[in-house]
Amino acid sequence: MDDNADQQRLTAAPGYAQGQLAKAFTTALTHQDADTRRRAAGRVKRWRAVLAGMSGGLLTIGSRTPVTGFPAWVTPEVVHGGFATGTPGAGGPLQPYETRLAEQFGVPADRRALFAHCLTDTGLTWLWGQLNSGRYEVTVPEEGALLTMAWLVRHGETAAALDLVAELAPFAGRLRFLPRPSSGRPAPDAGDALHRRSVAATVATLARRRPNAAVETQRAALAVWQPFGDELLAHWLETAGTEGGPVLELSPDADWLTRGAALLDRYGLLAERHTRCGKHRRPKENLAILRGALEETVAGRPLDPRRLGLLRHAVTSMVRRRGIPGSARHTGLRRAQRTQAALPSHHALAQVVVGRLAALPQESGIADLTPVLAPVSEREERDTGLPAGAELPLALRRVVERALSAPVSILVERGVVPSAEVLAALVPQLVAVTTARSYDDEALRTLMAASYRAFRNRRSLLLLNLERQVRIEELPWVRAVSARRGDTTAEAGLLLRQLGELAVRGFPGTILPNPLVRELGVLARQSELGAPLVEELAADIFMDAFGPKFLVAAGIAGELLGGPVYERYYGIDYAAVRELAFAEAGGSAGRPEKGGSVAARTSPGFMRLCAERAASASSAPAGSAGVSRGFGVAANGKVIEQSQILTTHNLATLVHRVGIAPEPGWAEPARRAFGTVCRLTARVHHNARPYSTIKDAAYAWRQSVFHLSLCTPAEQRGVLADLGAEAARQPAHVAARLAPALAGLRLVVEGGAFEPDGTADGGRARRLLGWTTDGHWLAADPTAVEGKGS
């Protein structure tokens, strides 16, 4: 049985990698930007390595051990799509710091020699010094391995240290296991404070800012060429006579010609010095006409009728538009333009901010933004010439605000964390601190926090056959100190609840992204709450199978939602789901076994249920094969969507097992999730490829229905009224598209039900789903149909 299962294991085809190679190759050859071409050339090299490894049998894409000869704990280099290149993340040529350490230790510049030196008394002493100071960096998890070994030796756990060395030794010549020495002080423990960008990263971003060409061109036009044009205009108006007659009514005298020649000389200097604005050179522009006519006149050449006509038209139009130079109207306009031209550039203000940030610790965030975002001071005016009191523009403020160090709830509230995806990138910092707090020893706590952060930078692999990503507990050096971990179940549970509430309250119309699900899953395991969290599966590599935790999560959803709106709206029989979960829990199916077949790690009943529900949602034939394989990616998506509906994609687990209860209740998240539905639906209009947007709108709609289900009946009626009012405020095509979905929700709240095809009231009420294999009713523009009278 196991042999047969192994023979049937799926592997990735090279087509995707070939397509990515072709795209990178084209960019490397044709892109105008040199840096973009250079980055694309790097991608070409990596994708070639992927294809060479696949064809040569060195890579098994889809396996958690994709590189032949390396165990799962080795960090792989991973490119887009989860493809391993065959190069270990801790491999490659010696890093500069390794070369410096080899010279410092007096050993050959070779990783095996460095590894061996660290096992000597001298090497251990150096490692202990790193542990004591905390002045090191761990950029890939392997760089913390020898520090862990040294910690074990110092604490008398020699046997564990020797076991760790024995496991690392076969790779000592190929991987770097030494930490990177850091000259800076270790960042102080900021508790629950997080930051998106460090001060150093913010400085680098600001330092890369260059003067905006368009703004500087406009500044030159306002400050240089318009005043010079006014001088030319005033000079020509002197020839119009006392009655304001046409230009050149009077013959210019010698003084006028002398002053005109001086104007032309100054024009040459200005044109040589101020090159950004070239408008004055265009023959049809008024300034160029005035200047050209002056050149002819000063040279003693009479103006031909055509040039004279152009000159008179230019003078007349300039006076008509702005008034005579020196008049109140003209003076007021030029004063306002001079004020605008005198405003400091974003580039110059960015340099002021860089100076302010230079005095702050570079590797941490900014606890107080007030002094950094303050207007230009008098001292800064003396140093830079910028006007005191000048405010920082919004574009610069936003760059600086990303370095704000504060509790994550404040970052979300202030918009520094604008999405669940950004939240997911920050959460590992909190989980690292919580995980590390389980170690009593301070040096070990610092080391494990650094190792966790580095581990979370490890890119996910493309996995097939229901294999799971490597967990940090599988790293040999983390496993070696696992006995030193204390009990953090309560702390992990508290953080899990806080983050769950924050994600739901902050982004109610967004499903939890997989990186966030993985971090919450770590906390769920640590808290021992029995809270199975499920990832969003990729439709293009779905293999007609779900892991056992999907059925468990669906059972939890049934415990929470049996009977209310959610179950009726989506036509779920949660009692049957609970019976299925009980039946599978009593048999061998669904119980993963180490080294067993794929079938032992699946829930066939849950897969069958999702496939049947997906088939009944459209005209596609029923059955797993017809749904998930016969109609391609879209049909796979339909099956996956049904799994998300049944499990509520983690919402029920967070509410029922973790205990989240966002303030001020569930009505507000329901309204805000519907706001996301409206925004996404608006993007469907005139969209040539609307189905991805429709899918996201349906996901946000599902979030709204879930939140509504947890409201009281009175709250549900109020929320429904609010949703209808919000739809009415939208453009007509949005309101018309969402009318069937709102009618269907109203029908269910009032106790009604859909027909088997997901419609009611003759099609005026519809169940809103995202994936389809036969066209989607949300894609059509109902207002266009009505306009034709059909």
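What share of the contacts in the protein with a separation of 6 or more comes from residues 24 or more positions apart? Some notes from my read-through follow.

1. To take that question head-on: the share is 71%, counted over contacts in the protein with a separation of 6 or more. Keep in mind that this is a predicted model.

2. On the overall picture, the protein has 790 residues, and 48% of them are buried. Its secondary structure comes to 35 helices and 8 strands.

3. Have a look at how α6 (residues 121–133) meets α7 (residues 145–154): their axes come within 9 Å and cross at roughly 100 degrees. Angles of 65 to 115 degrees count as roughly perpendicular, and α6 and α7 are therefore roughly perpendicular to each other. On the α6 side the contact is made by Leu124, Leu127, Trp128, Gln130, Leu131 and Asn132. From α7 come Leu146, Leu147, Met149, Ala150, Trp151, Val153 and Arg154. Sorted by class, that contact has 10 nonpolar, 2 polar and 1 charged residues.

4. Next, the aromatics: the structure holds 21 aromatic pairs. One of them joins tryptophan 225 and phenylalanine 228, edge-to-face, with 6.3 Å centre to centre and 90 degrees between the planes. Both residues sit in helix α10 (residues 213–237), 3 residues apart, so about one helical turn separates them. Tryptophan 225 is buried at 4% relative accessible area, and phenylalanine 228 is buried too, at 2%.

5. Phenylalanine 546 and phenylalanine 606 make another pair, with ring centres 5.2 Å apart; the planes are at 85 degrees, so this is edge-to-face. Here the partners come from separate places: phenylalanine 546 is in the loop between α23 (514–527) and α24 (548–561), while phenylalanine 606 belongs to helix α27 (residues 604–616). The pair therefore ties together parts that are 60 residues apart in sequence. How buried are the two? Phenylalanine 546 has a relative accessible area of 1%, and phenylalanine 606 is at 0%, so each falls under the 20% cut-off for buried.

6. Finally, a charge over a ring: arginine 702 places its charged end over the ring of tyrosine 699, 5.0 Å from the ring centre.

Technical notes:
Residues are numbered from 1 along each chain as its sequence is written. This is a predicted model: local features need pLDDT of at least 70, side-chain atom pairs count only at pLDDT 80 or more; totals for chains, interfaces and linings use all residues. Side-chain values use heavy atoms; hydrogens and water are left out. Axes are lines fitted to C-alpha atoms, for helices over the stretch in contact, and angles run from 0 to 180 degrees between N-to-C directions. Helices (H or I, at least four residues) and strands (E, at least two) are DSSP runs, numbered from the N terminus. Angles under 35 degrees count as roughly parallel, over 145 as roughly antiparallel, 65 to 115 as roughly perpendicular and the rest as oblique. Contact means heavy atoms within 4.5 Å. Ala, Val, Leu, Ile, Met, Phe, Trp, Tyr, Cys and Pro count as nonpolar, Asp, Glu, Lys and Arg as charged, and the others, Gly among them, as polar. Rings of Phe, Tyr and Trp (its six-membered ring) pair if their centres lie within 6.5 Å; planes under 30 degrees apart count as stacked, over 60 as edge-to-face and the rest as tilted. Buried means under 20% relative accessible area, exposed over 50%, partly exposed in between (1.4 Å probe, protein chains only). A charge sits over a ring if NZ of Lys or CZ of Arg is within 6 Å of the ring centre and within 35 degrees of the ring normal.
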